[in-house]
Amino acid sequence: MFIDFEGIDGSGKTTLSNLLAGRLKKLGYRVAHAREGGELRSSTARRVRELTRDARLLEMSPRAEFFLNLARDAQQLEEVVAPALSRGEVCITDRYLYSQLALSGGGRGLPMSELRPACELASQGLWPDLVILVDVDPDLARWRKRLGKALTNKSEAGDSRKGMVGAGLAVRVRESFLALAKEDPRRWLIIENNDAPLHVLEQRLVDAVVARLEGRDTPVQRIVPAPASVPMGSVEVENVEARFFQALDTVEPREPALAVWMLGGLPGLAAHQRRLDFVERFPALTARGLQGLDDAPAWTLREVLAPLAPAQVAASLLGQTGARAAMLRERLYAQAPAEALQGLKGDSSPQAWSLRERGVRDGKLSDVLLGLSGVDGEESWVVREAGMQRGLYAEVARSLGGLSDARADALREALLPHDRLAVLRGTQGLDTPVARGLREALADKATKLVMRSLTGLSTEEAWALRERAAPKTKEALDSVDGMNDPRAWRLRVTHASRWPATVLSSLKGLPVGPEARVLIQRVLEAHPRKLPALRNAYAVIATAAALDTRATQARASRPAVDAPTQQVEL
């Protein structure tokens, strides 16, 4: 029997396919997994996959990508799948030709009528007996993917070609998978992998597959887990905190690391108390979640976690300046030099330069450059020149972030032949000739990076790019984070149904006024159980409350100014 698992990245298909393989082996079946542990069994197929993932190959056309992916699957078929089936084994694949139809057709927009004959040729008539579509909310899948990168210390700079296009690609691919399943319901089994306990999904999956193996009729196309135990009723702006934490409670038993990850950056006592519950089990993730927090509980927790997770505590200091941050970085440098140095972005204080000089002496020039964004002055240009001499082109390009003068743009021009994506990453919020040229050239090839480079930018070109990209990908909404411009509000309202969680996150840092309340309420009414939407709504409200508290405390701490005494002439 030939069983194929399909689904968007982050859906959990690799986990479930490996669980199924293990259970079937225990039941006495002979099983071959063509991608056991997430790695293709064919070395040739692995080499081909590297080409299709390489973000530097942005000019690769959708058709070329399609044929390369076909070659990968054809090789897996020849080398792994067909021999296993000829031996009478159950063969499990993690992706097959359906992925190419969903990606190239649904995702890239190529005509399905042209893709299907090529897939038939590659298949040699061999199609799965059972296709298991692991369906998931794309926003939740993104959270899982980011968590996976955090756990393996991978940066977003390692995004694949698919990642460069933006999150909208996964949404379109998911829609295409669902359409393919609808066309052939007897072959496809859909299993929802949002918040149900993993052992429940595993058992239902095993039962369904064993029924097929034993020849029993299984007409049910979708395995729908029981609803999560989140209380029913409407979600309001006033009760979103309670509803978010109730939803988090349903996730924690199944994915505790994800629960910790979703607390990241959330201010306030409620989030802080939850973080304390995870300190012993997940010190590193808890520490990473302190980034952007500047209140007393966050600083106390950093001190507690510093011996346990020095690198993550140092990374949480990104954007923090002042004596307290400088002293903690100095202490953590010996154990986490890269994170301490990279967190100095925008900091031109004497303490920051002292640490940078130490980093240069210790041979950490790459990390010094990555922490030099937003810093000008001759000292910074000496460091950049040293980076150029050593061929650290990507790091030098990133060090130019926040600099918009002619000198910075001239260096960007020189760096373009070496690493244009790094140059683009270093243009966030800038309106320079090089930035504009890169955005125009890469708007359709690296949409995610182009949109992120527009963050905070309010030019006619920026708004035109956002409006063009917004129907296709959520990063257009990311680029208006914290913006109170009427055009930002129009963009949010227009695309709230397509990118609900992102529309909410774009409000973070703004007051929760009437316009924001109406938009938050609209999204919550449409998605009362959607965990990423609940989380982002709570983040907006909690951040606004924290900013109000800080402003009140600042006003209270100002020295009173006596009113001038009026002199009255007698």
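**The sheet, strand by strand**

Reply: Six strands line up here in the order β2-β3-β1-β4-β5-β6, making an open sheet with parallel pairing. At its edges are β2 (31-33) and β6, each of which pairs on one side only. Strands in a sheet pair through backbone hydrogen bonds, in either a parallel or an antiparallel way.

Before we go on: this is a predicted model, so local features need pLDDT of at least 70 and side-chain atom pairs count only at pLDDT 80 or more, while totals for chains, interfaces and linings use all residues. Residues are numbered from 1 along each chain as its sequence is written, and side-chain values use heavy atoms, leaving out hydrogens and water.

Let's settle on β3 (residues 90-94). On one side, β2 pairs with β3 over three bridges in the parallel sense, and His33 stands opposite Ile92. Strand β1 (residues 2-6) also runs parallel to β3, joined to it by four bridges. Here Asp4 has Thr93 as its bridge partner, and Phe5 faces Asp94. Helix α3 (residues 62-86) packs on the sheet, where α3 touches β1, β2 and β3, and its direction makes about 160° with that of β3. Helix α9 (residues 198-213) packs on the sheet too, touching β1, β3, β4 (130-135), β5 (188-192) and β6, with its direction at about 170° to that of β5. Contact means heavy atoms within 4.5 Å; the angles run from 0 to 180 degrees between N-to-C directions, with axes fitted as lines to C-alpha atoms, for helices over the stretch in contact.

How well is β3 covered? Five of its five residues are buried, a word that means under 20% relative accessible area, with exposed over 50% and partly exposed in between (1.4 Å probe, protein chains only). The cover is on both faces: Val90, Ile92 and Asp94 are buried on one side, Cys91 and Thr93 on the other.

Now look at one residue of α9, Glu202. Glu202 counts as buried because its relative accessible area is 15%. Leaving out residues up to four places away in sequence, Glu202 touches Leu19 and Arg23.

Rings come into the picture as well. Phe2, Tyr96, Tyr98, Trp127 and Trp188 make up one aromatic cluster. The rule is that rings of Phe, Tyr and Trp (its six-membered ring) pair if their centres lie within 6.5 Å, with planes under 30 degrees apart called stacked, over 60 edge-to-face and the rest tilted. Nine aromatic pairs come out of that rule.

Last, how far can you trust all this? pLDDT is the predictor's confidence in each residue, from 0 to 100. The chain averages 92, and 95% of the residues score at least 70. Among the elements, the lowest mean pLDDT, 71, belongs to strand β6 (residues 222-223), and the highest, 98, to helix α19 (residues 365-370). Over residues 562-570 pLDDT stays under 50, and the model has zero contacts there beyond four places in sequence.

Methods: Helix = DSSP H or I, 4+ residues; strand = E, 2+ residues; numbered from the N terminus. Pairing = 2+ DSSP bridges.
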